[in-house]
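Please examine the sequence and the structure shown below before reading on.

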Amino acid sequence: MTMSHSAALNIDRVAELARLALTPEEKALFSTQLSSILGHIEQLAKVDVTGIEPTAHAFPLNNVWAADLIEPGLPLSAALRNAPAQRDNMIVVPKVVD
Amino acid sequence: MSAPLHFQSIAALSAKLAAGQLSSTELTQAILARTKAVEPRLHAFNSYDEADALAQAAASDARRNAGQSAGALEGIPVGLKDVIAVAGQPLTASSKMLANFVSPYDATVTQKLQHAGAILHGRLNCDEFAMGSSTENSAFGPTSNPWDLTRTPGGSSGGSAAALAGGAAVATLGSDTGGSIRQPAALCGLVGLKPTYGLISRYGLIAYASSLDQIGPFARTIEDAAIMLGAIAGHDPRDSTSFKTAIPDYRAELKTRRGPWKLGIPKEYFGAGLDPEVGAAVEKAIEFYRAQGCEIREVSLPHTQHCLDAYYIIATAEASSNLARYDGIRYGHRSSSAKNLLDVYQKSRAEGFGDEVKRRIILGTYVLSSGYYDAYYLRAQKVRTLIRQDFLNAYREVDALITPTSPIPAFKLGEKSADPLAMYLCDIYTIGVNLAGLPALSLPCGFTTSGLPIGLQLIGQPFREAALLATAFTYEQAHAWHTQFPSLS
């Protein structure tokens, strides 16, 4: 499979996927910088990876089991300590459903 | 003539504490006084808590007086990179996103340091979310290199390196995803160890790229690095990537393993871009090992040229996923101008993250997005397999590899900050180790003519840190680089 050229990075689309509200200046700057980085990265297309398995972790550990026991978790007050807004032991967010 | 307290090793200070010639309170007061004196020049700390450190020191002295002290770090002030959780202390990752965050729990390494008797001293500056090679990406301002205040200490664990080199801690912890312990150690004239992936629990470490991140120590000497490693290593059920492996007495093994070793010189690590003075210092170190009877063999890691590309795909992909949790809802910065839920996400993240973090999230989101996954992310993971095989093939012939740590000595603050790709090239000799999950360390091997430290990288075999440290110890015993200290002028 050949890699797409870096012009394919649609900064508006990717910023939307990443949930980042970028300014027009940031979009212009990042597009330029990322196109030079992608130009470098696309050299990976030259590597023959036929028949090579992907590596997700250097030392694959599969099926790490833990005993199914109830253990104490974070107390409510500690879990809410860093919440930007809270009321009645709940986190306050803008209205989601009209 | 002995060095001032703030420049002495864990080994030397522990002996004084054990002999009753020094209390932890006196030592901690000396380190705090030094911190106050040098911090205006270095900016190595995001914060430190004097009263808390002195209370820990008093408790350590009480334990010792009651005959209860047994830990390898009893009474020793240790600094932590501000990505490692300490309950009740700030945890910012040098980001506006977490500027007001207070950690609700301890990292496993924090508990292990406390168990060993360490005095936890300070939250050390770093590149935002550990993304960078100069500590200039910190939202709270850059750190300076104690050897030349106009230069960077390296990154991302630049505060951990500068605080130790400047005498504001006796040892520190950092984290290394692509070289973030070894490169600052090299640039600041220290020992920096990135352990094998899985040797140290990542529980309580703010995640950047989880398949690459590993916590490790900065120390003045190899012996101190061995003491620190012994204190923090070991299996942890709270980190599912933590390995079940026996932890040797690293310090004791320094003196029992004498070589000679078969050492490999990867030819790809000595090409264009290597500063001539750095190259010459590393060549001299290789000659030292040869003179010790070690067999020196040229080896090839043929996929080295692809490490940087594979790294920036895998690391940014993992970062874009890990940093999705910063959404302005449960903790972290929430935009005050957000009108609806989508607004909360988009504006909070736009206001909370700095440029480099945004760039990496964008790149990582792109390489994982529909239609590009196979071409970028999956291909990078396959290339990662080839990179790892290169190292394992080399270890059929040799015990360890010798390379420069950084292609260049400490560079000027601001010199590379406008060019992300130039900054990424600082990591060309360190990132292969993370992709392959191997242990590696940097140790001082000289100075440039202008007085900047040079680092030697030794790369070892998985979970064989004892052999790696012993190989480095042989060099350190015959050289005096680690007995030189910066003037901070």
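The sections that follow describe the basis of the model, one of its chains and some local features.

## Basis of the description

The model is predicted: local features need pLDDT of at least 70, side-chain atom pairs count only at pLDDT 80 or more, and totals for chains, interfaces and linings use all residues. Residues are numbered from 1 along each chain as its sequence is written, while chains are lettered from A and ligands numbered from 1 in the order in which they are written.

## Chain B as a whole

Chain B contains 16 helices and eleven strands; helices (H or I, at least four residues) and strands (E, at least two) are DSSP runs, numbered from the N terminus. The radius of gyration of chain B is 21 Å, close to the 23 Å given by the globule rule for 489 residues, so chain B is as compact as a globular protein of that length. This radius is taken over C-alpha atoms, and the globule rule is 2.2 Å times the number of residues to the power 0.38. The C-alpha trace of chain B spans about 65 × 55 × 45 Å along its principal axes.

Of the 489 residues in chain B, 61% are buried. A residue is buried if 20 or more other C-beta atoms lie within 10 Å of its own, exposed if 12 or fewer, and partly exposed in between, with C-beta atoms placed from the backbone.

## The side that touches chain A

In the model, 58 residues of chain B are in contact with 46 residues of chain A; two residues are in contact if their C-beta atoms, placed from the backbone, lie within 7 Å. H10, H11 (341–352), H12, H13 (374–394) and H14 (420–424) of chain B each give two or more residues to this side. The largest share, twelve residues, comes from H13(B).

By class, this side of chain B has 31 nonpolar, 14 polar and 13 charged residues. Ala, Val, Leu, Ile, Met, Phe, Trp, Tyr, Cys and Pro count as nonpolar, Asp, Glu, Lys and Arg as charged, and the others, Gly among them, as polar.

Helix H10 (residues 307–322) and helix H12 (residues 355–368) of chain B pack at an angle of about 100 degrees, with their axes 7 Å apart. H10(B) is therefore roughly perpendicular to H12(B), a term for angles of 65 to 115 degrees. Axes are lines fitted to C-alpha atoms, for helices over the stretch in contact, and angles run from 0 to 180 degrees between N-to-C directions. The contact has eight nonpolar, four polar and one charged residues.

H11(B) has twelve residues and reaches 16 Å from its first C-alpha to its last, close to the expected 16 Å; the expected span is 1.5 Å times one less than the number of residues. Among its buried residues are B:Val344, B:Tyr345 and B:Gly352.

## Backbone features in loops

Most residues other than glycine have a negative phi, and most peptide bonds are trans. B:Ala130, in the loop between E3 and H5 of chain B, has a positive phi near 65 degrees. B:Ala130 counts as buried because it has 29 C-beta neighbours inside 10 Å. Phi of B:Phe463 is likewise positive, near 65 degrees, and this residue is found in the loop between E11 and H16 of chain B.

A cis peptide bond joins B:Gly155 and B:Ser156, with omega about 10 degrees. Another cis peptide bond joins B:Gly259 and B:Pro260, with omega about 0 degrees; B:Pro260 is in the loop between H8 and E7 of chain B.

Methods. Parallel < 35°, antiparallel > 145°, perpendicular 65-115°, else oblique.
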